[in-house]
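The notes below follow the order in which I looked.

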Amino acid sequence: MNPFQFTRVTTPKAAISAVTKESGTYFLAGGTNLIDLMKREVIVPERLVDINKLPLATIEKTSTGLRIGAMAKNSTVAEHELVKKNFPLLSQALNAGASAQLRNMATVGGNMMQRTRCSYFYDNSMPCNKRSPVQAGPDKGQPNGPNGCGAIGGYNRMHAIFGTSEKCIAVHPSDMCIALVALDATVNVSGPKGDRKIPFADFHRLPGDAPQKDNTLQPGELIMSIDLPMNDFAKNSHYLKVRDRASYAFALVSVGVGVDMKGKTIQNVRLAMGGVAHKPWRLTEAEQFLTGKPATEDNFKQAAMLAMKGAKGYGENDFKLTLAPNSIVEALKIATTTA
Amino acid sequence: MTDKQHPDESADNSGASRRDFLKQSSIMAAFAMTPPAAVTAVEKGLHETIATRFEQMSLRVTINGTAQQLNIEPRVTLLDLLREQLNLTGTKKGCDHGQCGACTVHVDGTRVNACLTLAMTTEGCKVTTIEGLADGDRLHPMQEAFIKHDGFQCGYCTPGQIMSAVACIREGHADNPDEIREYMSGNICRCGAYSNIVDAIMDVKQGGQKV
């Protein structure tokens with residue numbers, strides 16, 4: 001690993017100040033992704049600001065729902081009584097990700113900030129616009145290896161089918177974030193220009209011409225907490241993760257579902273998919289179609305068809321064009337039959 | 001004014017690197033107070049940022065019950081600190097990328113991958129490795145169970161498996177073989193001793209011994 005300067009902070013203000021002051025400075029939370037990327041020299045920070053001692057790990061009830069501190073560990077959130085009771089989808093999604101050890105280390109904020117696992121991004125000798133952005137425009141980053149996209153026309157079995165660009169077809173890797181986008185979470189951030197709230201669906205971005213940018217955070221901004229509004233989805237929630245092995249693997253496709261049922265009728269529904277796009281993929285059109293309709297397989301299939309509009313395969317990932325709608329139907333079946 | 005001495009008052013001084021100090025000190029003072037790498041760099045006229053990157057920082061951490069006062073480079077992982085500096089080679093380096101679990105240790109009672117943990121982030125923590133699990137010459141019940149059930153072949157993943165297995169029971173995720181398999185999935189065994197490992201964990205769990 002390349003040498004770097006190391007600073008430990010105990011207040012968010014000091015953290016923001018330290019990361020704003022000089023470029024090449026990164027926050028260090030659980031480190032499960034950043035340290036790995038540093039070992040592979042995909043990211044070569046000049047300075048790390050250790051934020052593990054920040055008092056941002058509390059999980060508390062609010063007047064509108066639940067607030068989860070950005071430094072709460074993934075395992076703590078997954079096991080928390082209020083999360084399991086009111087937001088089982090989040091608990092399920094967290095437990096579907098990584099391993100027990102990694103969940104003990106990884107934080108909520110860090111989980112949101114994790115980078116894609118695209119193998120071209122991870123290999124400095126391969127072309128990648130995310131790792132080595134084209135040197136143009138205001139968002140230019142430091143070059144690191146050749147640019148281009150190796151995955152387009154290359155090995156792209158794990159890659160995106162929605163929202164891609166000719167610069168990048170990588171997928172966002174988180175399970176937790178699929179649950180959070182489905183549950184209408186809000187991200188509270190603090191930065192050099194003050195505090196602001198970001199709707200979870202607007203936190204991550206599509207690659208477009210700047211795949212080096214995974215999200216809409218401004219320089220120096222620190223994730224403080226996540227707000228979850230109360231809902232009526234707890235009884236009929238399911239996180240379905242389809243992967244190459246039964247545990248400890250990234251999703252080929254995943255579906256997060258929360259349904260508010262009245263008898264056999266869907267009163268309200270939330271649907272999001274993972275493993276298919278550069279950001280957690282909310283299925284708004286399918287949700288609208290299902291609202292007020294009976295929970296039948298035929299309706300699920302029609303909703304899945306609507307959700308697949310605009311999907312595009314890149315060769316090795318063409319199977320996702322079938323796997324994704326089937327997974328949506330399966331997840332809806334399971335969620336609506338849960339007692 | 002204190003502001004002059006600490007140009008960035010919002011920066012936290014606890015555990016901060018010594019670059020502000022280097023900026024303001026004469027080389028003589030640097031000789032007296034900074035570790036050799038930084039001094040050499042300053043002496044040779046290297047840029048201060050280069051110097052401070054090789055600087056060693058102090059770390060206080062308790063390992064297997066012994067309080068340690070150490071000086072390390074910030075880039076040293078907990079795994080390398082244990083193996084290379086403290087000669088605690090029971091904790092194994094498998095993939096070194098958080099994928100195999102061979103380096104599993106407990107930090108403040110929870111299991112983590114030591115290979116992805118910067119040692120500096122364990123300041124003030126209590127670390128337990130496989131060497132700290134037995135009570136003197138008396139093996140931990142999980143160690144006994146791994147022997148009884150033949151929970152290993154080559155043995156390389158075993159320290160990580162055992163540390164993970166102990167945590168698995170403590171976390172309350174060892175109620176049945178399926179649950180054990182799920183919560184032990186972060187520990188890879190290329191010899192394929194999985195079924196015996198599950199038997200060992202079930203045995204300890206059902207035996208009701210304190211882990």
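This is a predicted model: local features need pLDDT of at least 70, side-chain atom pairs count only at pLDDT 80 or more; totals for chains, interfaces and linings use all residues.

Entry on helix 1 of chain A. I looked up its buried residues and found A:Ala14, A:Ala15, A:Ile16, A:Ala18 and A:Val19. What covers these buried residues includes strand 1, strand 2 (25-28), strand 3 (47-50), strand 6 (186-191) and strand 8 (222-229), which belong to chain A as well.

Entry on the contact between the chains. I found that chain A gives 29 residues to the contact and chain B gives 35 residues. On the side of chain A that touches chain B, the elements giving two or more residues are strand 1 (5-8), helix 1 (12-21), helix 2 (34-39) and helix 6 (100-105). The largest share of that side, five residues, comes from helix 6 of chain A. Sorted by class, the side holds twelve nonpolar, twelve polar and five charged residues.

Entry on a helix pair in chain B. I looked up helix 8 (residues 158-170) and helix 10 (residues 194-207) of chain B, which pack at an angle of about 40° with their axes 11 Å apart, and this makes helix 8 of chain B oblique to helix 10 of chain B. Their crossing is right-handed. From helix 8 of chain B, B:Gln161, B:Ala165, B:Cys168 and B:Ile169 meet B:Ile197, B:Ile201, B:Val204 and B:Lys205 of helix 10 of chain B. By class, I noted six nonpolar, one polar and one charged residues in this contact of the two helices.

Terms used:
Residues are numbered from 1 along each chain as its sequence is written. Chains are lettered from A and ligands numbered from 1 in the order in which they are written. Two residues are in contact if their C-beta atoms, placed from the backbone, lie within 7 Å. Helices (H or I, at least four residues) and strands (E, at least two) are DSSP runs, numbered from the N terminus. Ala, Val, Leu, Ile, Met, Phe, Trp, Tyr, Cys and Pro count as nonpolar, Asp, Glu, Lys and Arg as charged, and the others, Gly among them, as polar. A residue is buried if 20 or more other C-beta atoms lie within 10 Å of its own, exposed if 12 or fewer, and partly exposed in between; C-beta atoms are placed from the backbone. Axes are lines fitted to C-alpha atoms, for helices over the stretch in contact, and angles run from 0 to 180 degrees between N-to-C directions. Angles under 35 degrees count as roughly parallel, over 145 as roughly antiparallel, 65 to 115 as roughly perpendicular and the rest as oblique. A crossing is left-handed if the near helix is turned anticlockwise from the far one by less than a right angle, and right-handed if clockwise.
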